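I opened my notebook and went through one structure entry by entry. Here is what I looked up, in the order I did it.

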Amino acid sequence: MTVVGPFGLSVRDQALEADVQAGLAAVEEGLLEATKSEVPFITEAAQHLVRAGGKRFRPLLVMLAAQFGDPYAPGIVPSAVVVELTHLATLYHDDVMDEAEVRRGVASANQRWGNSVAVLTGDFLFARASHILADLGPEAVRIQAEAFERLVTGQILETAGPRDGRDPIEHYLDVIGGKTGSLIAVAGRFGAMMSGADETVVDVLTQYGERLGVAFQLADDVLDIASDSTESGKTPGTDLREGIPTLPVLRLRERVERLGLAEDVALSELLDSDLTDDARHAEALSLLRAHPALQQARRDTVRYAQEARATLAPLPEGDAKAALVELCDLVVHRAG
C-alpha cells in the first residue's frame with residue numbers, strides 16, 4: 001500500500017499507483033507551464049499558489065475516474081490542469097473577498113501584492129484554463145461553462161443570503177453544491193469522459209464528485225473551527241472572523257431556534273459580534289470547538305460522504321473503485 005499525492009490516498013495496486021503518480025506529475029508540469037507569462041511578475045503571482053502546494057484533490061479524482069476507460073487518453077492530463085487552474089483562480093478571488101492573510105501556509109496573494117493584483121491574477125488563471133479547454137472540444141467547454149456558472153451562482157447566493165422563509169441550512173448546502181460540488185463533479189466527469197468510459201460510468205462519477213465535493217467543503221468548515229493553522233494551511237476561524245456562517249454556526253443557530261438554551265444564545269450573540277477583536281475571536285473559537293453544533297456538522301459531513309460512496313455501487317469492482325471509496329473515508333477523517 002503506497003500513499004499517492006498530497007491528499008494522502010493509499011493505493012494497493014502498483015499499476016494504478018504508477019498511473020496516478022505519473023498523471024499527477026504531468027499535471028504539476030502542466031500547471032507550471034500554464035502559469036508562465038512573458039511578464040515575470042505575472043508568472044510569480046500566478047505560480048504563487050501552485051508552488052505552495054495543495055492537496056491536488058481534483059486532479060487526483062480525474063486520474064482515478066480515467067481508470068474506467070483508457071487512462072492514457074490524451075485529454076486526461078489537460079482536463080485535470082483545467083480543473084485545478086479554475087480552482088486556483090477561485091482561491092485568489094476568495095482570499096480577496098474574505099480578506100484572508102494566509103493560504104496553504106504562505107501569505108495570500110492579496111496580502112502580498114494587494115487586492116487588485118490578486119483579482120487580476122485569478123482572471124489570468126481563468127483565461128489560461130479556457131485556452132487549454134478550447135483544445136478539448138465544444139462539449140468540454142460547455143461542461144466547464146455550466147460548472148463555472150454554478151460556481152459563481154453559489155458565491156452570489158452566499159453573499160446575498162437565504163431569501164425570507166428559506167431554511168438557512170438548505171440554502172447553505174445549495175451554496176456549497178455550486179461553489180465546491182460543481183467543480184469536483186467536473187473532475188469526475190472529465191476523467192471518465194476523456195478516457196472514453198461508458199456514459200453510465202460518466203454519470204455515476206459526476207454524481208459521486210458532486211456529493212463528495214459537498215462533503216469535502218463541510219469537512220473544511222469543521223477544520224476551520226477545529227484545526228490549527230499547521231493542519232489547515234490557513235488561519236483558524238477565518239470564516240468566523242469574516243462573519244461567514246458556515247455549517248457549525250448554522251447548526252448552532254438552528255439549535256438556538258429549537259431549544260433556546262441560554263448558553264447557546266450567548267454563544268450565538270458572541271458569534272454575531274465584532275470578531276476582528278482577537279480576544280473575542282479566540283473565545284468564540286474555543287466555545288464553538290466544544291459545542292454540539294460542531295459534532296452535528298461532522299455528522300453532516302459523514303452523511304454526504306456516505307451518499308458519495310453509495311453512488312459508486314454500479315461501478316465494476318477493482319482497485320480504482322476501492323480508491324474512490326477510500327477518498328470518502330479520507331474526507332471524513334479530515335473532519336475528525
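In which helix is the place of F41? I found F41 in helix α2, which covers residues 40–46. I kept in mind from the start that this is a predicted model.

**Entry: a surface patch**

I then looked at what surrounds F41 on the surface. V39, F41 and I42 form a nonpolar patch there, and together they have about 220 Å² of accessible area. F41 itself has 38% relative accessibility, so I noted it as partly exposed.

**Entry: how confident is the model?**

I checked the confidence next. The chain has an average pLDDT of 91, and 95% of the residues score at least 70. Where is confidence lowest in the chain, and where is it highest? The lowest mean is 52, in helix α11 (residues 229–232), while α9 has the highest, at 97.

**Entry: helix α8**

Helix α8 takes in residues 138–160, which is 23 residues. I wanted to see if its length made sense. At 1.5 Å a residue it should span 33 Å, and its end C-alpha atoms are 32 Å apart, so the two agree.

Which residues of α8 are buried? I wrote down A140, I143, Q144, A147, L151, G154 and Q155. Among the elements that cover them are α5 (76–98), α7 (115–134) and α9 (168–194). Just after α8 I came to G161, which takes a positive phi of about 85°.

I picked L9 next, which is in strand β2 (residues 9–11). Its relative accessible area is 0%, so L9 is buried. I also compared the positions of L9 and F57: they are 48 residues apart in sequence, yet their C-alpha atoms are 9.7 Å apart in space.

Then I turned to D264, in helix α14 (residues 262–271). Is D264 buried or exposed? D264 is buried, because its relative accessible area is 1%. I left aside its neighbours within four places in sequence and found D264 in contact with L252, R255, V256 and H291.

**Entry: salt bridges**

A reminder to myself: side chains of opposite charge can pair when their charged atoms come close. I counted 22 salt bridges, taking a side-chain nitrogen of Lys or Arg within 4 Å of a carboxyl oxygen of Asp or Glu.

One of them joins E210 and R150, with the closest N and O atoms 2.8 Å apart. E210 lies in helix α10 (residues 199–226) and R150 in helix α8, so this pair ties together parts that are 60 residues apart in sequence. R150 is partly exposed, because its relative accessibility is 36%.

Another joins R334 and D220, whose closest N and O atoms are 2.5 Å apart. This pair links distant parts of the chain, with R334 in helix α17 (residues 319–334) and D220 in helix α10, 114 residues apart. I noted R334 as buried at 16% relative accessibility, whereas D220 is partly exposed at 22%.

What does K321 form a salt bridge with? Its partner is E317, and the closest N and O atoms are 2.8 Å apart. I liked the contrast here: K321 counts as buried at 7% relative accessibility, but E317 counts as exposed at 68%.

Notes. Residues are numbered from 1 along each chain as its sequence is written. This is a predicted model: local features need pLDDT of at least 70, side-chain atom pairs count only at pLDDT 80 or more; totals for chains, interfaces and linings use all residues. Side-chain values use heavy atoms; hydrogens and water are left out. Patches are made of residues with over 30% relative accessible area and no salt bridge: like charges are joined within 9 Å, nonpolar side chains (Val, Leu, Ile, Met, Phe, Trp, Tyr) within 5 Å. Accessible areas come from the Shrake-Rupley method with a 1.4 Å probe; for residues, only the protein chains shown count as cover. Helices (H or I, at least four residues) and strands (E, at least two) are DSSP runs, numbered from the N terminus. Buried means under 20% relative accessible area, exposed over 50%, partly exposed in between (1.4 Å probe, protein chains only). The expected span of a helix is 1.5 Å times one less than its number of residues. Contact means heavy atoms within 4.5 Å. pLDDT is the predictor's confidence in each residue, from 0 to 100.
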